[in-house]
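Subject: Structure handover

Hello,

Here is the structure I promised to pass on. Please open it next to this email, and read my notes below.

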Amino acid sequence: MTVIAFIGLGHMGGPMAANLVRAGHTVRGCDRDETARAAAQQAGVTVVADAAEAVAGAEAVITMLPNGEILRAVYAEAVPAAAAGALLIDCSTVAVDDARAAADQARAAGLAAVDAPVSGGVVGAEAGTLTFMVGGAGAAIDRARPLLEAMGKKVVHCGDAGAGQAAKICNNMILGISMVAVSEAFVLGEKLGLSHQALYDVASAASGQCWALTTNCPVPGPVPASPANRDYEAGFASGLMAKDLGLAAAALRDHGVPGGLGEAVAQQYARLRDAGFGDKDFSDVINHIRSSAGEGTD
Ligand code: NAD
């Protein structure tokens with residue numbers, strides 16, 4: 001049994017903290033939002049006033065926060081208050097540079113730290129089936145592993161500090177680009193008189209096969225569980241995709257990678273979010289491609 005501080009009890013952090021309680025750990029949590037605090041309390045988390053109170057005496061500190069700026073602010077409060085030898089685990093999605101800065105700050109205070117962003121969404125957080133992509137020293141990851149395994153089904157050590165975040169943005173860049181590719185293909189197929197099912201049956205068994213097609217298919221019908229069958233609700237939100245692709249696009253620029261597709265798709269999702277469609281599943285991009293295609297071309 002470990003005493004754990006959990007900072008950020010939102011859509012992801014709330015159910016993750018609840019799974020740690022279920023696994024027999026003592027969890028002290030904090031959040032700025034009253035609804036998140038009440039739900040966590042209901043799940044057995046001891047809710048305290050702030051990060052400093054949560055981390056005092058805790059053996060592990062887990063953060064699940066909206067962005068890197070907030071992470072830096074929370075670490076400024078939490079690191080000086082943490083117990084000697086505490087392990088810091090950041091599960092938020094942030095820029096690689098923010099993850100490295102957080103690890104440096106922890107190291108300077110004599111603490112161990114890992115970045116451990118996740119894939120699997122709210123459903124995975126609730127079911128305890130998240131995948132963790134982890135960056136940091138081997139010894140710190142060995143310590144983190146049992147806690148991560150109480151919240152997920154797979155833990156991949158990706159390299160040194162920041163490598164987990166690097167893997168997360170690279171993976172989500174593949175995902176965003178492939179969803180736009182699949183969506184453009186379906187809209188082109190419609191123009192060419194091809195049924196959705198026919199295109200699906202060919203591409204899913206041919207070289208066009210990918211997760212965006214066979215699991216998160218952007219048209220209703222071929223994959224009954226995909227969000228397209230429920231008006232693009234309750235999936236991976238376009239707003240979160242816009243955030244992750246924004247991090248990927250910034251990294252492409254910083255490292256001089258000619259990532260034309262990543263940049264273009266990042267802008268496409270940013271436009272969707274800014275136009276008020278940020279809460280829809282990211283496969284909703286097909287509807288915007290279709291409505292643009294419809295303008296004067298048929
Ligand atoms: P969320 O907004 O629901 O939760 C974040 C929580 O942090 C909120 O409850 C907020 O009140 C709290 N918070 C903000 N500032 C705080 C502070 N200073 N101190 C304490 N609490 C504070 O977001 P989420 O969907 O849970 O996502 C969290 C992170 O996980 C993000 O970085 C996101 O990109 C990543 N992520 C989300 C998903 C998903 O499907 N939702 C999937 C993978 C990764």
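Which of the 21 residues around the ligand come nearest? They are H11, M12, D31, L65 and K243. One caution before the rest: this is a predicted model.

**The ligand**

Start with D31, one of those nearest residues. An N or O atom in the D31 side chain sits 2.6 Å from an oxygen atom of the ligand. R32 also uses its side chain: a polar atom there is 3.3 Å from a ligand nitrogen atom. T93 uses its backbone instead. A polar backbone atom of T93 lies 3.0 Å from an oxygen atom of the ligand. On its own, the ligand exposes 830 Å². The protein buries 85% of that area.

Domain 1 brings 11 residues to the contact, and domain 2 brings seven residues.

How much area do domain 1 and domain 2 bury between them? The figure is about 690 Å², with 67% of it on carbon and sulfur atoms. On the domain 1 side, T93, V96 and M133 stand out. Together they supply 53% of the area that domain 1 buries against domain 2, more than any other three residues.

What classes of residue does domain 1 turn towards domain 2? Eight are nonpolar, three are polar and none is charged. Between the two domains, the count of salt bridges is zero. Polar contacts do occur across this interface, in three residue pairs.

Over to you.

Best wishes

Terms used: Residues are numbered from 1 along each chain as its sequence is written. This is a predicted model: local features need pLDDT of at least 70, side-chain atom pairs count only at pLDDT 80 or more; totals for chains, interfaces and linings use all residues. Side-chain values use heavy atoms; hydrogens and water are left out. Contact means heavy atoms within 4.5 Å. Buried area is the accessible area (1.4 Å probe) that two parts lose on being put together, summed over both. A salt bridge is a side-chain nitrogen of Lys or Arg within 4 Å of a carboxyl oxygen of Asp or Glu. A polar contact is a pair of N or O atoms within 3.5 Å; within protein, one must be able to donate a hydrogen and the other to accept it, and residues adjacent in sequence count only if both atoms are side-chain atoms. Ala, Val, Leu, Ile, Met, Phe, Trp, Tyr, Cys and Pro count as nonpolar, Asp, Glu, Lys and Arg as charged, and the others, Gly among them, as polar. A residue is near a molecule or strand if one of its heavy atoms lies within 4 Å of it. Accessible areas come from the Shrake-Rupley method with a 1.4 Å probe; for residues, only the protein chains shown count as cover.
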